[in-house]
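User: I would like to learn how to read strands and sheets in a model. Can we work through one together?

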Amino acid sequence: MISPHLEAERENLLTRIDAIRNAGPIAPPKVCIAPDFINPKCWILNCTNLPMRERQLGRAGSAKYMDWMARIQRRDQLHELEQQLALVQTLIERQAKADDLFIDIMPVVAVGDAVEFAGKPYRVHQIGSSYVQLKSNDGDGAIIRCQLDQIRLLEKATV
């Protein structure tokens with residue numbers, strides 16, 4: 001069983017990722033803004049293949065500078081959300097694989113316990129590794145044999 005909370009978080013992350021991608025252009029990986037070595041009051045793009053004229057952003061606060069800051073911020077947000085999505089997806093896959101690990105544990109029965117088999121009440125007479133012998137409560141003392149997973153515990157025997 002996959003957690004509905006994880007599914008909801010996955011949908012939330014996908015929605016946020018789409019919103020960031022639709023918000024505008026995203027900076028390529030490793031592109032960053034650094035001070036221009038010729039004019040320290042101006043800024044330049046580093047780690048890019050753009051021509052030198054397109055790398056120059058001007059002073060802090062200029063339209064080109066603000067545009068590239070927003071692109072870099074979107075790239076960083078997108079990277080973080082994609083990592084979170086990968087973690088959530090891994091948890092969802094792990095839960096899907098682990099479903100068969102969690103089987104219903106049968107109640108432990110002991111000799112003398114009241115159980116139900118095929119809609120009739122019985123007392124446990126003997127217990128084997130996978131089968132039990134049941135004694136009828138009707139007074140006729142009939143003993144039947146059935147598998148452990150076919151009985152339902154009604155009441156523990158008092159010692």
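User: Which residue in β3 is the bridge partner of Cys42?

Analyst: Start with the general idea. Strands of a sheet pair through backbone hydrogen bonds, either parallel or antiparallel. Now the case here, in a predicted model. The bridge partner of Cys42 in β3 is Arg59. Strand β2, residues 42-46, pairs with β3 in the antiparallel sense, over three bridges.

User: What is the order of the strands in the open sheet of three strands?

Analyst: The order is β1-β2-β3, and the pairing is antiparallel. β1 (32-35) and β3 (56-59) are at the edges with a single partner strand each, so one side of each has no neighbour in the sheet. From one strand to the next, the twist averages 30 degrees.

User: What is the order in the open sheet of five strands?

Analyst: Read it as β7-β6-β5-β4-β8, with antiparallel pairing. Here the edges are β7 (143-147) and β8 (152-155). Each has a single partner strand, so one side of each lacks a neighbour in the sheet. Ignoring direction, neighbouring strands of this sheet are turned by 45 degrees against each other on average.

User: How many residues lie between the strands in the hairpin of β4 and β5?

Analyst: Two residues lie between them. Ala118 in this hairpin takes a positive phi near 55 degrees. Strand β4 (residues 114-117) and strand β5 (residues 120-127) pair over four bridges, in the antiparallel sense.

User: Which residue in β7 is the bridge partner of Lys135?

Analyst: Find Ile143 in β7. Strand β6 (residues 131-136) pairs with β7 over five bridges, in the antiparallel sense.

User: Where do the side chains of a strand point?

Analyst: In a regular strand they alternate between the two faces of the sheet.

User: Let us turn to a loop. Is Phe37 buried or exposed?

Analyst: The cut-off for exposed is over 50% relative accessible area. Phe37 has 68%, so Phe37 counts as exposed. Look for Phe37 in the loop between β1 and β2.

Conventions
Residues are numbered from 1 along each chain as its sequence is written. This is a predicted model: local features need pLDDT of at least 70, side-chain atom pairs count only at pLDDT 80 or more; totals for chains, interfaces and linings use all residues. Side-chain values use heavy atoms; hydrogens and water are left out. Two strands pair if DSSP finds at least two bridges between them. Axes are lines fitted to C-alpha atoms, for helices over the stretch in contact, and angles run from 0 to 180 degrees between N-to-C directions. Buried means under 20% relative accessible area, exposed over 50%, partly exposed in between (1.4 Å probe, protein chains only).
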